Each structure stands twice: as structure tokens, then as C-alpha cells.
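Subject: Handover of a structure and the findings so far

Dear colleague,

I am passing the structure below to you. Please look through it first; an account of what was found follows.

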Amino acid sequence: MANLAKLEFAALDLSGDNYLSWVLDAKIHLRANGLGQTIVDENDASPEENAKAMIFLRRHIHEALKSEYVVVDEPLVLWKALGERYDHQKTVTLPRARYEWTHLRFQDFKSVSEYNSAMH
């Protein structure tokens, strides 16, 4: 019974800070479970596959998002709605992370462990 409550990866936070990693994890898990076609346009997914994908996606989003999108019953519609809401993260967060990564210098840290922690 404890297995039912365990998430495969971190749920999408209300702020969307983990959106980029959440999208990647969700796609990978949906594909691994044979449900990857449910979140692409013009798919031929069965109602059972759509229901399984919807259950999976709703389990991995914040409670406030669940209540906000309570009337959405198609995984593709939910996927697109979350994308419209949080996709700006790619244009804001990703370039900054790339800049920080390329300008990361060992001498900026007091110890090797601080450098290692920042790198990961």
C-alpha cells in the first residue's frame, strides 16, 4: 500500500521552479509505461491510455494545480496548459544556468566540496 503513495519523481511545484526537470522526467516515465503518445498532437491513444496518463500526471503535480485544472480530463490538454503556464522557464532559467555553468571557476570557492556542490 505504501508503494501507491510513492512518487517516481518530484511533483511539479506551484512556482514552476522545477518545471524543466519535471517535463523531462514526465516524458521519460510516460514513454517507459507506453503512454508517451498521449501527450503529442493527433495521437491515437485509447481512452484507457489517456486515463492512465491523466492519473500519472495528476499524481505528479502540486495540489493547487490539481484543483486549478480539475475540469481537464485529457492528458494532452493538461500538458499544453502546464506548458503555456511554465514554458517561459526555458527562456529565463536555462540561459542563466548556462551562463553560470560556463563561467564557473574553481578559484571562486573556498573548498573543493563547495565547488563540487555548486557543480552538481
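A residue is called buried when its relative accessible area is under 20%, exposed when it is over 50%, and partly exposed in between. By that scale R85, with a relative accessible area of 29%, is partly exposed. Please bear in mind throughout that this is a predicted model.

**Salt bridges**

Since E68 belongs to helix α4 and R85 to helix α5, the pair ties together parts that are 17 residues apart in sequence. E68 has a relative accessible area of 45% and is therefore partly exposed.

How many salt bridges are there by the rule applied here? The count comes to 4. In general terms, side chains of opposite charge can pair when their charged atoms come close. Two further examples are described next.

E8 forms a salt bridge with R59, where the closest N and O atoms are 4.0 Å apart. E8 sits in the loop between α1 (2-5) and α2, while R59 is in helix α3, so this pair ties together parts that are 51 residues apart in sequence. E8 counts as partly exposed because its relative accessibility is 42%. R59 also falls in the partly exposed class, at 27% relative accessibility.

The side chains of E63 and K66 meet in another salt bridge, at 3.2 Å from N to O. These residues are 3 residues apart in helix α4, which means that about one helical turn separates them.

Are E63 and K66 buried or exposed? E63 is exposed, with a relative accessible area of 54%. K66 is buried, because its relative accessible area is 17%.

**The surroundings of K66**

K66 deserves a separate word. This residue lies in helix α4. Apart from its neighbours within four places in sequence, K66 is in contact with R58, R59 and I61.

**Helices α2 and α3**

Next comes a pair of helices. The axes of helix α2 (residues 19-32) and helix α3 (residues 47-59) come within 11 Å and cross at roughly 150°. That angle makes α2 roughly antiparallel to α3, and the crossing of the two is right-handed.

Which residues bring these helices together? On the α2 side they are W22, A26, H29 and L30, and these meet A53, F56 and L57 in α3. Sorted by class, the contact of α2 with α3 has 6 nonpolar residues, 1 polar residue and no charged residues.

**V70**

Finally, where is V70 placed? V70 is found in the loop between α4 (63-68) and α5 (75-86). With 55% relative accessibility, V70 counts as exposed. V70 and K110 are 40 residues apart along the chain, and their C-alpha atoms are separated by 49 Å.

With kind regards

Terms used: Residues are numbered from 1 along each chain as its sequence is written. This is a predicted model: local features need pLDDT of at least 70, side-chain atom pairs count only at pLDDT 80 or more; totals for chains, interfaces and linings use all residues. Side-chain values use heavy atoms; hydrogens and water are left out. Axes are lines fitted to C-alpha atoms, for helices over the stretch in contact, and angles run from 0 to 180 degrees between N-to-C directions. Helices (H or I, at least four residues) and strands (E, at least two) are DSSP runs, numbered from the N terminus. Angles under 35 degrees count as roughly parallel, over 145 as roughly antiparallel, 65 to 115 as roughly perpendicular and the rest as oblique. A crossing is left-handed if the near helix is turned anticlockwise from the far one by less than a right angle, and right-handed if clockwise. Contact means heavy atoms within 4.5 Å. Ala, Val, Leu, Ile, Met, Phe, Trp, Tyr, Cys and Pro count as nonpolar, Asp, Glu, Lys and Arg as charged, and the others, Gly among them, as polar. Buried means under 20% relative accessible area, exposed over 50%, partly exposed in between (1.4 Å probe, protein chains only).
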